[in-house]
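The following note comments on the fold and on selected contacts. The points are numbered so that each may be taken up separately.

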Amino acid sequence: MSRGGGAGGYDRHITIFSPDGHLYQVEYAFKAITSAGITSVALKGKDCAVVCTQKKVPDKLLDPASVTHIFQLTPSIGCVMTGLIADARAQVARARMEAAEWKYKFGYEIPVHMLAKRIANLAQVYTQHAAMRPYGVSMMLIAYDDEAGPQVFKCDPAGYFAGYKGTSAGTKGQEATNHLEKKLKKDPVLSTEETVELAITTLSTVLSIDFKPTDIEIGIVTKEDPTFRVLSVGEIETHITRIVERD
């Protein structure tokens, strides 16, 4: 294994541990997420869950409607994908397939924790086989569960998944997580409006940007309407105006 390479050759082969116990290819997948240039947050309020991410249209000639990082997986489960967009689409297609298969087999929609677990299990397999590479994306899922209420889950390229009150991913993921930790430390009871606005202010604060409504996209599920939907530019504008007036 001494053919050069960034870590003594141990990063050449996905399934080989380095002497200090690292799987470098998996670590590089995490690096792909942070170097994709966007930051996303997901959090839950009392009766809702929200995902919020930056919307960057890389080219003036592109149709902005075709650029998105937020996807609907089932009628009630949505996700935000942070990282390489081509990998994101592949993972979304697989998640939709798994969800459809569950519905066909068992006759009801897949619960969000089972979908998160399935996606994480598949991601783990990609860290084992030499013929595959891990997806360079982080998937944050939200849904409103009849029994458990609002749910937020995050899956990463290593195959780890967990439920969260609030979490983030991407370039400024750590700063956004720290900001959310401060805001959620006292366990505030957040209404739907407050939850959406906390998501926007978290991104706005850590990126030091005053957002225009077209700069971000937001997906939401609520107790009143457990169907996942993406907020329109007009709705986002209303929230941004309220934040500005409040400050």
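At roughly what angle do the axes of helix 5 and helix 6 cross, and within what distance do they come?

1. The axes of helix 5 and helix 6 (residues 233-246) cross at roughly 80 degrees and come within 10 Å. Axes here are lines fitted to C-alpha atoms, for helices over the stretch in contact, and angles run from 0 to 180 degrees between N-to-C directions. Helix 5 is therefore roughly perpendicular to helix 6; angles of 65 to 115 degrees count as roughly perpendicular, those under 35 as roughly parallel, those over 145 as roughly antiparallel, and the rest as oblique. On the side of helix 5 the contact (heavy atoms within 4.5 Å) is made by Glu-193, Val-196, Glu-197, Ile-200 and Thr-201, and on the side of helix 6 by His-239, Ile-240, Arg-242, Ile-243 and Arg-246. By class, this contact of helix 5 with helix 6 has 4 nonpolar, 2 polar and 4 charged residues, where Ala, Val, Leu, Ile, Met, Phe, Trp, Tyr, Cys and Pro count as nonpolar, Asp, Glu, Lys and Arg as charged, and the others, Gly among them, as polar.

2. On provenance, this is a predicted model, in which local features need pLDDT of at least 70 and side-chain atom pairs count only at pLDDT 80 or more, whereas totals for chains, interfaces and linings use all residues. Residues are numbered from 1 along each chain as its sequence is written, and side-chain values use heavy atoms, with hydrogens and water left out. Helices (H or I, at least four residues) and strands (E, at least two) are DSSP runs, numbered from the N terminus.

3. Helix 5 (residues 192-207) also packs with helix 4 (residues 173-184), at an angle of about 135 degrees and with the axes 9 Å apart. Helix 4 is therefore oblique to helix 5. The crossing of helix 4 past helix 5 is right-handed, a term for the near helix being turned clockwise from the far one by less than a right angle, left-handed being anticlockwise. Helix 4 contributes Glu-175, Ala-176, His-179, Leu-180, Lys-183 and Leu-184 to the contact, and helix 5 contributes Leu-198, Thr-201, Thr-202, Thr-205 and Val-206. These residues divide into 5 nonpolar, 4 polar and 2 charged.

4. Two backbone positions beside these helices deserve a check. Asp-187, in the loop between helix 4 and helix 5, has a positive phi near 55 degrees, though it is a residue other than glycine. Ser-208, in the loop between helix 5 and strand 9, is likewise not a glycine and has a positive phi of about 50 degrees.

5. Helix 2 and helix 3 pack at an angle of about 130 degrees, their axes being 10 Å apart; the two are therefore oblique to each other. Helix 2 passes helix 3 in a right-handed crossing. From helix 2, Gln-91, Arg-94, Ala-95, Glu-98, Ala-99 and Trp-102 meet Met-114, Leu-115, Arg-118, Ile-119, Leu-122 and Tyr-126 of helix 3. By class, the contact of helix 2 with helix 3 comprises 8 nonpolar, 1 polar and 3 charged residues.

6. An open, antiparallel sheet of 5 strands has the order 3-4-5-6-7, two strands being paired if DSSP finds at least two bridges between them. Strand 3 (70-72) and strand 7 (161-163) stand at the edges with a single partner strand each, so one side of each is left without a neighbour in the sheet. Neighbouring strands of this sheet are turned by 20 degrees against each other on average, direction ignored. Strand 3 pairs with strand 4 (residues 77-83) in the antiparallel sense over 3 bridges, and the bridge partner of Gln-72 in strand 4 is Gly-78.

7. Another open sheet of 5 strands, with antiparallel pairing, runs in the order 8-1-2-9-10. Its edges are strand 8 (166-170) and strand 10 (229-230); each has a single partner strand, so one side of each is left without a neighbour in the sheet. Strand 9 (residues 216-222) and strand 10 form an antiparallel pair over 2 bridges, in which Ile-220 has Arg-229 of strand 10 as its bridge partner.

8. The count of salt bridges comes to 10, a salt bridge being a side-chain nitrogen of Lys or Arg within 4 Å of a carboxyl oxygen of Asp or Glu. Asp-87 forms one with Arg-133, the closest N and O atoms being 2.8 Å apart. Asp-87 lies in helix 2 (residues 85-106) and Arg-133 in the loop between helix 3 (112-126) and strand 5 (137-145), so the pair ties together parts that are 46 residues apart in sequence.
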